[in-house]
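User: I'd like to learn how to read the features of a model like this one, step by step. Could you walk me through it?

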Amino acid sequence: MFDDVRDLYQEVILDHGRKPRHGRRLAAFDASAKGDNPMCGDRVEVFLRREGDTISEVGFEARGCAISVASADLMAEVVAGRRATDARALFAEFREMARTGECPHCDTDEALARLQPLSGVHEYPSRVKCATLPWHALIAALEGGKEATSE
Amino acid sequence: MNVITHPALDVARIREDFPILTQSVRGKPLVYLDSAASAQKPRQVIDAMRDAMETQYANVHRGLHWMSERTTEAWEAARDAVARLINASSRDEVVFTRNSTEALNLVAYSYGRHILQPGQAVVISGMEHHSNIVPWQILRDERGIELRICPVTEAGELDMAALESLLADGKVGLVSITHMSNVLGSYTPAERIAQLAHAHGAKVMFDGSQAVVHRRVDVQAIDADFYAFTGHKLYGPTGIGVLWARREILEAMPPFLGGGDMISTVTYAKSTWAKVPHKFEAGTPAIIEGIGLEAAIRYVEAIGYEAIAAHEAALTDHALARLSTVKGLTIIGRAQDRGGVISFTMQGAHAHDVATLLDRQGIAVRAGHHCAEPLMQARGLDSTARASFGIYTMPEEIDALADALERVREFFA
């Protein structure tokens, strides 16, 4: 049963959705921003610590579906240690992957490969925003904003 | 014990009238359990709209030619049908709007800004759709009219004692409350609410978007002052809704929108208004949709509310019993007087994930906050899944839902 949804709910997603590793408010952080999807009620708040231009740690608090929690958790994992500009570039590629299911650089880029299990959302247009919402919040935090929406 | 028998509703026969129900979704037969969001349309409605466009279509109220006269008759027949449906004392009390939201806004803008006075209050309940919250917030912030919220009990019933206290100081000018919650499925005791409101000098409005689909509404028996509903939940088309109000109230209210059709005379110095209900119907109305609504009302009347209510009561009892056996599933709201709208949460699975997995099995439910965020917040919920029933819903579909939910639970376990 549900063989046909395994592309959307891969084990990695179920696992990180159930037990996120980075799902906490950081004790000390340099920036934070909330993400809100008003259509479905998903909410996420992303906290980050920076060292110069590098993101050193990301934590988040989320209220949402397995996709949005897993996406936030994998995002927190892959952006740690990256420069802000690299995180932005990664988001651009990830967003494209979520929309189209295509990932031309997944073979060569470890971070993208880590995010690839989320590419299944492209078959569910109403769920793409679940995957991208935490990233919108991250970008807002990097840019000094406080609020982001996936609209 | 007296056993009252109602003419049974022949679901198989009814399903033949709904072409969409033979569709497959994701390779599975469609199980449509989202009628509270919008109901499917019977052939009779589809045909009425198409026939009107193919044989007699023209604008209404202004043509002196055959086509316009026929279309005007058909459009005005929709007003008669609505008046009959809700037992209005006059067809002139039926104002057509786009939907319930526009009907509620019409009252908030016209009645709220011109008849209500700053310092007065409006009472809504803790289980309103955003459409019966936001217009009053705008009114509050613009005009200093207080907004009071009548709480809902844990079971999901309107707290009548609290309503009485909210009315006690005599400042309330209007009570505007849902007749049936789109989240909890609870009916509200309309007659008692009206009685209480009137005893304290307030007018009363009901948002009947859900209620009118499931049981007979009699605005005179309720002793309502305003009643709003929408066509598309009543097996009719989108784009057509109804505001019913007592004639003397409508006559005292200024227009909502200005334009053609709502005037008596126009000069640059001054315009005068058409009589009610036309005073509130500026511009070319949703003619084809009105004709579709008329067909939908005739369709519902032919089945009969007694049969509809009995069918849905049986479905609801079956669903509550069946869903109660699904482990980890919590039904939100346990009102005594309730209908076929059931919200639930599932332990370990977010409502959106539940909805996606149900969709994969051909089952359409709604998931989210159901445009009732304050109600969800009050219950510490961010979203629920919701199954809702219509005249075409079969008990087997509820069994399919329960079985599918068992599989969803295993999937996320």
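User: Let's start with one residue: which residues is Lys41(B) in contact with, leaving aside its neighbours within four places in sequence?

Analyst: Contact here means heavy atoms within 4.5 Å. On that rule, and leaving aside neighbours within four places in sequence, Lys41(B) is in contact with Asp17(B), Phe18(B), Pro19(B), Ile46(B), His232(B), Tyr235(B), Gly236(B) and Pro237(B). Before we go on, some ground rules: this is a predicted model, where local features need pLDDT of at least 70, side-chain atom pairs count only at pLDDT 80 or more, and totals for chains, interfaces and linings use all residues. Residues are numbered from 1 along each chain as its sequence is written, chains are lettered from A and ligands numbered from 1 in the order in which they are written, and side-chain values use heavy atoms, with hydrogens and water left out.

User: Where does Lys41(B) lie, and what does its side chain reach?

Analyst: Helices (H or I, at least four residues) and strands (E, at least two) are DSSP runs, numbered from the N terminus. Lys41(B) lies in the loop between β3 (31-32) and α2 (43-55) of chain B. For its side chain, think polar contacts: a pair of N or O atoms within 3.5 Å, where within protein one must be able to donate a hydrogen and the other to accept it, and residues adjacent in sequence count only if both atoms are side-chain atoms. The Lys41(B) side chain reaches the backbone oxygen of Gly236(B) at 2.7 Å, and one of its polar atoms lies 2.6 Å from the backbone oxygen of Ala39(B).

User: Now sheets. What is the strand order in the open sheet of 7 strands?

Analyst: The general idea is that strands of a sheet pair through backbone hydrogen bonds, either parallel or antiparallel. Two strands count as paired if DSSP finds at least two bridges between them. In chain B the order is β4-β10-β9-β8-β7-β5-β6, with mixed pairing. β4 (94-97) and β6 (146-150) of chain B stand at the edges with a single partner strand each, so one side of each has no neighbour in the sheet. Direction ignored, neighbouring strands of this sheet are turned by 20 degrees against each other on average; axes are lines fitted to C-alpha atoms, for helices over the stretch in contact, and angles run from 0 to 180 degrees between N-to-C directions.

User: In which sense do β7 and β8 of chain B pair, and which helices pack on the sheet?

Analyst: β7 (residues 172-178) and β8 (residues 203-207) of chain B pair in the parallel sense over 5 bridges. In that pairing region, look for Ile177(B), which stands opposite Phe206(B) in β8(B). Helix α4 (residues 100-114) of chain B packs on the sheet and touches β4, β7, β8, β9 (226-230) and β10 (241-245) of chain B, its direction making about 150 degrees with that of β9(B). Helix α6 (residues 160-167) of chain B also packs on the sheet, against β5 (121-125), β6 and β7 of chain B, at about 160 degrees to β6(B).

User: What about the sheet of 4 strands?

Analyst: That open sheet in chain B runs β13-β14-β17-β16 with antiparallel pairing. β13 (329-332) and β16 (366-368) of chain B are the edge strands, pairing on one side only. Between β14 (residues 341-346) and β17 (residues 384-388) of chain B there are 4 bridges, and Val341(B) stands opposite Ser388(B) in β17(B). α15(B) lies across β13, β14 and β17 of chain B, at about 15 degrees to β14(B).

User: Last one: how many salt bridges cross the interface of chain B and chain A?

Analyst: A salt bridge is a side-chain nitrogen of Lys or Arg within 4 Å of a carboxyl oxygen of Asp or Glu. The rule finds 2 across this interface. Arg43(A) forms a salt bridge with Glu373(B), the closest N and O atoms being 3.2 Å apart. The contact takes 18 residues from chain B and 23 residues from chain A.
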